[in-house]
Amino acid sequence: MPHVSLTDLQKLSSLTRLAVKGCESMLFSEVEEGVIFPSVQQLEISDCRLTRNSLTKLLNRFPALTEFHLKFSSFEVGEEAVLQLPSSNLLSYVKIWCCKNLVLPVADGGGLHDLSSLQEVEIRGCGKMFDRWSMVEARTRTSKFFPASLRELNIIDESSIQSMALLTNLTSLTHLTLVNCDNLTVDGFDPLITCSLKELVVYNSPKADDEIHLSVADVLFLQVATRMTKVIPAGGSSFQQLEKLEVDSISAVLVGPICSLLAANLRELGFTYDLWMESFTEEQEEAIQLLTSLQCLKFGNCLRLQSLPEGLHCLYTLYELDIIGCPEIMSLPKDGFLASLEHLRIPECSIDLMAKPVQIYLFKKFATEHLEVVRKVSFWLYTSLMFDGSNQSVVALYLPFVGALSRTYL
């Protein structure tokens with residue numbers, strides 16, 4: 001295959017998107033300094049071996065970039081590479097995935113602060129990205145890591161981020177995801193960053209060698225609950241605009257003051273990897289009923305949870321309920337749900353729980369009011385049980401009832 005160089009690609013004067021996978025010889029070969037790509041707006045580099053200075057030099061050749069993706073690329077063994085993105089008033093989206101030994105600089109103008117039009121950032125599984133921004137530096141430095149223009153920030157599987165002080169200037173954030181950031185603390189947290197949030201996802205999945213599973217969300221919501229009246233200025237309150245929330249602490253959210261803030265706009269609520277909760281207190285039962293706009297509710301991998309809130313039948317807007325990987329839950333609430341519920345998923349739970357929705361809930365609550373739903377569920381159960389070998393352990397429980405539903409409603 002003939003060698004293609006950047007000089008060759010420069011002839012494509014209308015090129016707007018360039019995706020390169022595993023072709024570092026083309027990207028980083030010595031070329032004339034005048035080679036630039038004024039029309040390229042999207043650049044994606046993946047599976048390339050990089051050197052300390054090669055990436056920075058390359059990016060200078062793309063002055064019109066609005067999106068930059070760097071994925072699954074590595075640097076020389078033992079070499080810590082500094083990613084110095086050129087200052088730009090055009091770059092709006094940066095995605096960096098699984099680039100080991102890549103760090104962002106601390107010097108004034110470091111981090112991503114000089115990208116004045118940046119709207120969305122996603123950093124995943126790099127390992128050292130924030131190493132140079134220690135807790136002390138994050139609290140005391142006048143320069144910030146991210147520009148205030150940022151609207152969406154997703155940091156996933158990144159153990160190097162240690163402090164929420166890095167986010168203190170992001171008062172325009174609408175989407176924030178912090179997942180599996182094992183060393184993250186709420187040190188330097190400013191409730192002002194929660195005023196514009198529409199979506200918040202904060203949880204850590206447990207590791208095999210974890211002795212203590214810490215929840216950042218637990219401390220985060222505690223601080224909001226205790227400080228919101230003192231810190232948030234008139235005209236703005238924490239989480240009032242929140243539409244989607246997913247955290248690893250049920251007890252942090254289901255308290256009266258927090259649920260009152262969430263009530264007006266929260267549509268989706270998920271609890272993922274809560275490893276402590278076993279049952280709901282009376283206060284928590286009352287708090288969840290304040291969520292009068294809730295449409296979707298999920299419990300995922302809550303390994304000790306033994307029951308669902310009994311008051312779910314009072315959530316008049318709820319139409320979707322997911323119970324995933326909660327083996328200790330043996331039954332549904334005794335009062336069931338409203339007939340408005342359209343979607344019920346219960347994979348990876350106890351056999352007792354998986355049998356009861358069909359035998360009790362669907363038959364008694366849905367059959368007369370939602371014939372079409374019963375038809376669909378009957379067909380799904382019948383086909384999945386007959387053709388999915390992994391479900392053979394529950395066939396004996398389901399099959400007589402599924403057969404009756406199939407004959408009656410299909």
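Q: Which residue's side chain meets Asp322 in a salt bridge?
A: That's Arg345, with 3.3 Å from N to O. Keep in mind that this is a predicted model.

Q: Where do Arg345 and Asp322 sit in the chain?
A: Arg345 is in strand S17 (residues 343–345) and Asp322 is in strand S16 (residues 320–324). The two are 23 residues apart, so to speak of the pair is to speak of a link between distant parts of the chain.

Q: Is Arg345 buried or partly exposed, and why?
A: Arg345 counts as partly exposed because its relative accessible area is 44%, and the buried class stops at under 20%.

Q: Are Glu44 and Lys71 buried or exposed?
A: Both are buried.

Q: What about Lys298, which partner does its side chain meet?
A: Glu246, in a salt bridge of 3.0 Å from N to O. Lys298 belongs to strand S15 (residues 296–300) and Glu246 to strand S13 (residues 244–247), and the two are 52 residues apart.

Q: OK, Arg17 then. Which residue stands opposite it in S2?
A: Gln42. Arg17 is part of strand S1 (residues 17–21), and S1 pairs with S2 (residues 42–46) in the parallel sense over five bridges.

Q: Which side chains of S1 point to the buried face?
A: Leu18 and Val20 point to one face and are buried.

Q: Switching to rings. How many aromatic pairs does the count come to?
A: Eight. Among them is Phe72 with Trp97, an edge-to-face pair at 6.4 Å centre to centre and 90 degrees between the planes.

Q: What does the Phe72 and Trp97 pair tie together?
A: Phe72 lies in the loop between S4 and strand S5 (74–75), while Trp97 lies in strand S7 (residues 93–97), so the pair ties together parts that are 25 residues apart in sequence. Phe72 counts as partly exposed, at 44% relative accessibility.

Q: And what geometry does the Phe221 and Phe239 pair have?
A: That pair is stacked, at 4.9 Å centre to centre and 15 degrees between the planes. Phe221 is in helix H5 and Phe239 in the loop between H5 and S13, 18 residues apart. Both are buried.

Q: Back to Trp97. Which charged end sits over its ring at 5.8 Å from the centre?
A: The charged end of Lys71. Arg124 also lies over the face of Trp97, at 4.7 Å from the ring centre.

Q: Now the core. How many residues does the largest nonpolar core have?
A: It has 103 residues, and Phe146 and Phe299 have the most contacts inside it. The largest share of this core, five residues, comes from helix H5 (residues 216–231).

Q: What is Phe146 in contact with?
A: Leaving aside neighbours within four places in sequence, its contacts include Leu112, His113, Val121, Phe130, Leu153 and Ile155. Leu166, Leu167, Asn169 and Leu170 are in contact with Phe146 too.

Q: Which cluster of rings includes Phe146?
A: Ring pairs link Phe146 with Phe130 and Phe145.

Q: Last one, the whole chain. How many helices and strands?
A: There are 11 helices and 17 strands. Of the chain's 410 residues, 50% count as buried.

Q: And what share of contacts join residues at least 24 apart?
A: 67%, among contacts between residues at least 6 apart in sequence.

How values were computed
Residues numbered from 1 in each chain as written. Predicted model: local features only at pLDDT ≥ 70, side-chain atom pairs only at ≥ 80, totals over all residues. Heavy atoms only, no water. Buried < 20%, exposed > 50% of the residue type's maximum accessible area, 1.4 Å probe, protein only. Helix = DSSP H or I, 4+ residues; strand = E, 2+ residues; numbered from the N terminus. Pairing = 2+ DSSP bridges. Core = buried A, V, L, I, M, F, W, Y, C linked by side-chain atoms within 4.5 Å. Contact = heavy atoms within 4.5 Å. Salt bridge = Lys/Arg side-chain N within 4 Å of Asp/Glu carboxyl O. Phe/Tyr/Trp six-rings, centres within 6.5 Å; stacked < 30°, edge-to-face > 60°. Lys NZ or Arg CZ within 6 Å of the ring centre and 35° of its normal.
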